[in-house]
Amino acid sequence: RDFMPFRSVLEVGCAAGANLYKIKQTFPHSDIGGIDWSADAIEEAKRMLPRASILQVGEATDVYISNKGSDLVISDMCYIYLNPRELRKAIKEARRIARLGVIFCEFHSSHWWKRLALKLASGYYAHDYRKEMEKAGFHDIEFHKIKEEEWEGGEPQKTFGYIVTARS
């Protein structure tokens with residue numbers, strides 16, 4: 001997916017900011033920001049990313065950022081902790097915030113029984129991102145299956161790991 005040129009990125013579930021650090025190295029003129037529920041992680045991110053536009057403690061379901069406040073909204077294994085109702089709120093928030101679109105690295109499956117089996121076996125949620133993102137008003141939704149050589153984590157990434165992109 002080509003979201004170029006972009007000027008700003010907000011990561012939901014940024015933890016200590018490792019992804020934002022790499023983005024800033026690769027795109028030095030971009031504004032970066034993130035939210036995470038962990039105050040300790042945000043404090044570490046502030047040390048690692050002193051020039052970040054926004055680093056705040058918060059929830060994926062209620063982001064304190066203006067409408068269309070970032071070109072891109074990204075997530076990296078953040079939504080695997082959200083139940084379906086929370087995910088719907090989080091996706092609506094991402095849609096509200098993103099000017100261009102979203103890039104999610106998450107667990108996806110269109111099969112409800114596989115999603116249930118994952119939840120029972122691991123405690124993680126996989127979601128049907130096509131269905132949920134279409135409901136939220138995203139378009140041009142694309143899926144890239146994460147290959148084993150791209151992610152050495154084994155299961156459940158091997159089965160459920162996808163990069164999901166969509167335009168706002």
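This is a predicted model: local features need pLDDT of at least 70, side-chain atom pairs count only at pLDDT 80 or more; totals for chains, interfaces and linings use all residues.

User: Which residues of helix α2 are buried?

Analyst: The general idea is that an α-helix has 3.6 residues a turn, so residues three or four places apart point the same way. In the present case, α2 spans residues 39-48, and its buried residues are A41, I42 and A45. These residues lie on the same side of α2, because the arc they cover around the axis is only 95 degrees. On the face turned away from that buried side, α2 carries the exposed residues D40 and R47.

User: How should I describe a pair of aromatic rings, and how many aromatic pairs are there?

Analyst: Two quantities describe such a pair, namely the distance of the centres and the angle of the planes. The count here comes to 8 aromatic pairs. One of them joins F6 and F27, whose ring centres are 4.8 Å apart and whose planes stand at 65 degrees, which makes the pair edge-to-face. This pair links distant parts of the chain, since F6 belongs to the segment before β1 while F27 belongs to the loop between α1 and β2 (31-36), 21 residues apart. The two partners also fall into separate classes of accessibility: F6 is buried, with a relative accessible area of 14%, whereas F27 is partly exposed at 31%. Elsewhere, ring pairs connect Y81, F107, Y124 and F160 into a cluster.

User: Which charged residues sit over a ring?

Analyst: There are two cases to look at. The charged end of R95 is placed over the ring of F138, 5.8 Å from its centre, and K145 lies over the face of Y162, at 5.1 Å from the ring centre.

User: Where does A15 lie, and what is its phi?

Analyst: A15 lies in the loop between β1 and α1, and its phi is positive, at about 50 degrees, although it is not a glycine. A15 is partly exposed, with a relative accessible area of 36%. With a relative accessible area of 32%, K68 is partly exposed.

User: How much space lies in the largest pocket, and which residues lie nearest its centre?

Analyst: The general idea is to roll a probe the size of a water molecule over the atoms, which shows where empty space is left. In this model, the largest pocket holds about 400 Å³ of space. Its lining consists of 19 residues, with V9, I23, L72, I74 and I103 nearest the centre. The elements that give two or more residues to this lining are β1 (8-12), α1 (18-26), β4 (70-76) and β5 (98-107). Sorted by class, the lining has 11 nonpolar, 3 polar and 5 charged residues.

User: What volume does the second largest pocket have, and what classes of residue are in its lining?

Analyst: The volume of the second largest pocket is about 250 Å³. This pocket is lined by 14 residues, and G13, D36, W37, C78 and Y81 are the closest to its centre. By class, the lining has 9 nonpolar, 2 polar and 3 charged residues. Y81, named here beside the pocket centre, also belongs to the ring cluster with F107, Y124 and F160.

Definitions and conventions: Residues are numbered from 1 along each chain as its sequence is written. Side-chain values use heavy atoms; hydrogens and water are left out. On a 1 Å grid over the protein atoms alone, a cavity is a set of points where a 1.4 Å probe fits but cannot get out, and a pocket is an open set with protein on both sides within 12 Å along at least five of seven lines; lining residues have an atom within 4 Å of a point. Grid points are joined across faces, edges and corners, and a volume is the space filled by probe spheres set on the points. Helices (H or I, at least four residues) and strands (E, at least two) are DSSP runs, numbered from the N terminus. Ala, Val, Leu, Ile, Met, Phe, Trp, Tyr, Cys and Pro count as nonpolar, Asp, Glu, Lys and Arg as charged, and the others, Gly among them, as polar. Rings of Phe, Tyr and Trp (its six-membered ring) pair if their centres lie within 6.5 Å; planes under 30 degrees apart count as stacked, over 60 as edge-to-face and the rest as tilted. Buried means under 20% relative accessible area, exposed over 50%, partly exposed in between (1.4 Å probe, protein chains only). A charge sits over a ring if NZ of Lys or CZ of Arg is within 6 Å of the ring centre and within 35 degrees of the ring normal. The arc is that of the directions from the helix axis to the C-beta atoms.
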